[in-house]
Amino acid sequence: MDDPLIVVALVLVAVSATAAVAVRDPARQALVLAVLGTVLAVLFTVLQAPDVALSQLAVGSALTPLLIMLSVRKVRRPQRKKEADR
Amino acid sequence: MTRRTRLFVAALGGTGLAVLLVAACFCLPRFGGAQHPYGDRVVRASLARHTANTIASVNFDQRAFDTLGEMSILFASVLGTVVLLRQTRDEHRAAPEPEQVAVPVRRFALLVLPVAVVTGLYVIAHGQLSPGGGFQGGVVLATALHLLYLGVDYRALERIRPVGFYEIADALAASAYLVLGLAGLVAGTAFLANFLPYGTFNTLSSGGTVPLLNAAIGMEVACAVVVLLARFLDQAVEIEKGGEK
Amino acid sequence: MSVFPYLVAVWVFLVGCYGLVTSRNLIHAVGCLAVCQSSTYVLLLAVGYRDGATAPVFSDLKPGSRPVVDPVVQALALTDVVVGATVTAVLLALVLQISKLHGTVDPDELSELRG
Amino acid sequence: MHHLLPVLVAVPLLGATLLVAAGRHLSRAVAETTGCFVAAGTAGLAIALLLNSSPPMTDWVGGWTPRGGEGVGIVLVGDGPGLGMAALASLLTVAALAYSWRYFDEPPRRHAGSFPALMLLFQGGMCGFAIAGDLFDAFVFFELMSVVAYALTGHRVEEPKAVQGALSFGVLNSLGAYAMLTGIALLYARTGELAMTKIGQGLDRHGGPDALTLAAFALVLTGLLVKAAAVPFHFWLPDAHAVAPTPVCMLLSGVMVELGAYGVWRVYRTVFSGPGGIPASDLERALVVLGVLTAAVGAVMCWYQRHVKRLLAYSTVAHMGLFLIGIGSLGAEADDGVALYILGHAGVKAALFACTGVLLDRYGSVDEHALHGRARELRAVAVLYVVGALSLAGLPPFGTGLGKAVLEEAVGGPLTVLFVAVSAVTAGAVLRVAARVFFGLGSRPGDESSYETTGIGEEPETRHRLSRAPGTMTAVPAVLLVGALAVGAVPGFATAVGHAVSGAAAPSPHWTLAGVLLGLTSTLLALALAALAVTHPKPLGESSWTVPLRRLQSGHIGDYVAWLLVGTTLLAALAAPGILGG
């Protein structure tokens, strides 16, 4: 536990996880989740788990936020259309 | 329940759970301790089978059955997404408008695209040697293709991405993993046994069946992620409510 | 200090649960579920860490020259990452259909299943 | 023989992948036939392995048989209970596929194989979970069957209820699974092992139980009990089972939920039963309290439903309570009773869901009030429905009756009253539905309540409303009921089950006079309750004391998650006294 890098990474994980929950707008949450994914990847690297870090980087900070963004876009689209009709 | 009662109930349960988990944390072995009996055995077994990346040895040899389950979960969820996001009777497809992409974005995307594809392939191919492998490389490969959407437009992406082809490739890769497993049984050892020669340590062909299973997973993951993203893109860009125009 | 990583995992799990309970948007709720899951990665890798050890990859490391961290938890976490992404995808697909059929993604406004 | 254990998982998975690969070029009939054959082949393999399971088999996948007690691979356990559950799951999959034969609404374009493929993946997941001897492997296959089940539940994407129910199901079960994984990580930290027996030995070596053991126990059981729909983790079940396509309901209620209870049994026996685990008295307290709550809540809610599939779903909840009580009493006799009860219940419940599916496809409704007297012409279905209801009550010589009798004898005391009451109330509710819907008895109930879920306006699952139910849709429930009858009536079957579950040394389960009488009592009570409800709807109708209970079932994911947290805490609190005192 002497490695300050680990402590910093852990604190960042806790903070960004809290932020990901506290941000109520799903589009912004997707961005925070991407940050969380990146921070987790950093933590895994300092915990000597490069394999997990790599897949977390690919999945947690790219794929999952992308899926959420696409869902948000789909959910919001009809509403925008309705507004345009008015 | 009203929002307040819900929060109260959750606070009750959450406090109890928090107390329990924190108490458990203080009973855990010290962070960074040296007691890892299973881990030590795994490292020995991995070296005995000439697999340099121990994680690959665990995933594709020692605990390859878990990976079979994991691959099936991915396969099932892609199939599930295809079924759940199908075009229903009261929906139609609208071709998306061609979009203008800023020139720097386009140049950047088209520059990164080949690099990303090669990186993905490299990460898959070196799975048993260096960090990475089928899962990581597969996801990189699949997301790389989608740079086309960013850089050119949706229709360019669709041209290089016949979803049906990827669905079939996904299923074939998954069956390849299973067939390799059954081949171990037929070869007279056991299901998912590493029945090939282990090769020279630290070369691309080392590890027996590990690189083959790794390649099957890489292809499965890449195709699965392409199909998954295609379904969501379809919903976000093309499918609209209302009957056929 | 030697329990700090575990406590972070506990915190992340509970925060995710809090988000699920209070969420006003189902897409947000699925995101909170992903937060809950990331606590399991942290816990698993914290359990497998060993002081002064390096990654269990021997392509440029002489076997036995240095201690390595526990490779088993890394394999488990790897599986877990993939499982998490796929569950997220299926749940988001369901949320999309809910938004089409119910016209809302606010759990407070869904009232089809009661009693 | 033991080398064939992983094949039990590989065959359905391979069938599913090939169906998807060839799906674009297959006609629907070919795809469905292939699905049936693969499922049936797996069922045959499961039964063949089951017949060879004494003494129990173990297989180390990939030939990683441990040398000097040091294993690195994954162990599969082929003993009576595990292979029995795998065989049951496989047989029910065959029944569900046969039932859905040419029945379902058109499959997604160019994906003719998708429904049978999902069913096969479900089968593979259930078989893998049943034979897992490694805790993490159990988690992986647990997730596989969950993910497939979410997709199958939401399969009818044009039904608002279906997608909402599937989402609640998905969120709750995923959260439960993550809790389970956290528990597994804690156990790994303590013992450094993943094979269940090794974890158990590791806990014993460490000494007496402490907070870590308790937390791991509560977390792992949370995951399993969410699946087993124990109160207060049960909220997702009625929401999901009421909306899933009928063949999927047959599997969900018939075997998937029971696999959760089986998991509790397996994990406690191999991991926590040693001196370093959870003392038996603590487990008993936890499971019996939760079981009694589950049985009571399930029975009460079941009685007040008018949505027939929801009613059947709550009856499953009530019976799960009884199974949990049986597992909590930790005896060879109780285990035999639970095994027989699960077998009988699977046949009966699947048959009842199958009959309800006929109603749905013919009348476009599963509402007890709206269907009043409308199904008079479905004579065969009516007979099956009544027989199913009576055997749900525990009428001898059905397997449900035998299981209930053996279990009542094993737990004894005041809990016998609960067993009789729960089976009488749930069966009474089903009989009431039969009397109203198929025979038009009693006056037509009015539409007074607006809060609850009605079964009006459901889309039929077939392309058009059926004018005649196809032969398979009545043949499958008939065969299932014959199976449930055979479990209790075929001489020697109960003995074989007893041997498979608790070894040849234990006394074999059999009918006793007391058991027959108790079975008859609950059947008569069920008939009386149904008769009373039909003739005098007021006193047994909506009453004010149940309103708070019914409001809890709000369909709100946040509520359900809050209750899940409370449930985990409750589980730990119930199991804590022995650990804190010891």
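Which domains does the domain assignment of chain D give? Chain D is divided into domain 1 (1-131), domain 2 (149-278 + 543-582) and domain 3 (294-542), with bounds that come from an automatic or database domain assignment. The model is predicted: local features need pLDDT of at least 70, side-chain atom pairs count only at pLDDT 80 or more, and totals for chains, interfaces and linings use all residues. Residues are numbered from 1 along each chain as its sequence is written, while chains are lettered from A and ligands numbered from 1 in the order in which they are written.

Chain D contains 21 helices and two strands; helices (H or I, at least four residues) and strands (E, at least two) are DSSP runs, numbered from the N terminus. Along the principal axes, the C-alpha atoms of chain D fill a box of roughly 70 × 60 × 50 Å. Of the 582 residues of chain D, 69% count as buried. A residue is buried if 20 or more other C-beta atoms, placed from the backbone, lie within 10 Å of its own, exposed if 12 or fewer, and partly exposed in between. Two residues are in contact if their C-beta atoms, placed from the backbone, lie within 7 Å. Among contacts in chain D between residues at least 6 apart in sequence, 83% join residues at least 24 apart.

Between domain 1 and domain 2 of chain D, the C-alpha centres lie 24 Å apart. Contacts join 17 residues of domain 1 of chain D to twelve residues of domain 2 of chain D. On the domain 1 side, α3 (80-99) and α4 (114-131) of chain D are the elements that give two or more residues, and α3(D) gives the most, with nine residues. This side of domain 1 has 14 nonpolar, three polar and no charged residues. Here Ala, Val, Leu, Ile, Met, Phe, Trp, Tyr, Cys and Pro count as nonpolar, Asp, Glu, Lys and Arg as charged, and the others, Gly among them, as polar.

The axes of α3(D) and α4(D) come within 8 Å and cross at roughly 170°. Axes are lines fitted to C-alpha atoms, for helices over the stretch in contact, and angles run from 0 to 180 degrees between N-to-C directions. The two helices α3(D) and α4(D) are therefore roughly antiparallel, a term for angles over 145 degrees. Residues of α3(D) including D:Leu83, D:Met85 and D:Ala89 meet residues of α4(D), among them D:Met119, D:Phe122 and D:Met126. The contact of α3(D) with α4(D) comprises 13 nonpolar, four polar and no charged residues.

Among the five pairs of chains that touch, chains B and D have the most contacts. Here 60 residues of chain B are in contact with 62 residues of chain D. On the chain B side, α4(B) gives the most, with 15 residues, and the side as a whole has 36 nonpolar, 16 polar and eight charged residues. For chain C, 37 residues are in contact with 39 residues of chain D. The elements α1 (4-22), α2 (26-48) and α3 (71-102) of chain C each supply at least two residues of the side that touches chain D, and α3(C) gives the most, with 15 residues. That side of chain C divides into 24 nonpolar, ten polar and three charged residues. No contact joins chain A and chain D, and their closest C-alpha atoms lie 14 Å apart.

Notes: Angles under 35 degrees count as roughly parallel, over 145 as roughly antiparallel, 65 to 115 as roughly perpendicular and the rest as oblique.
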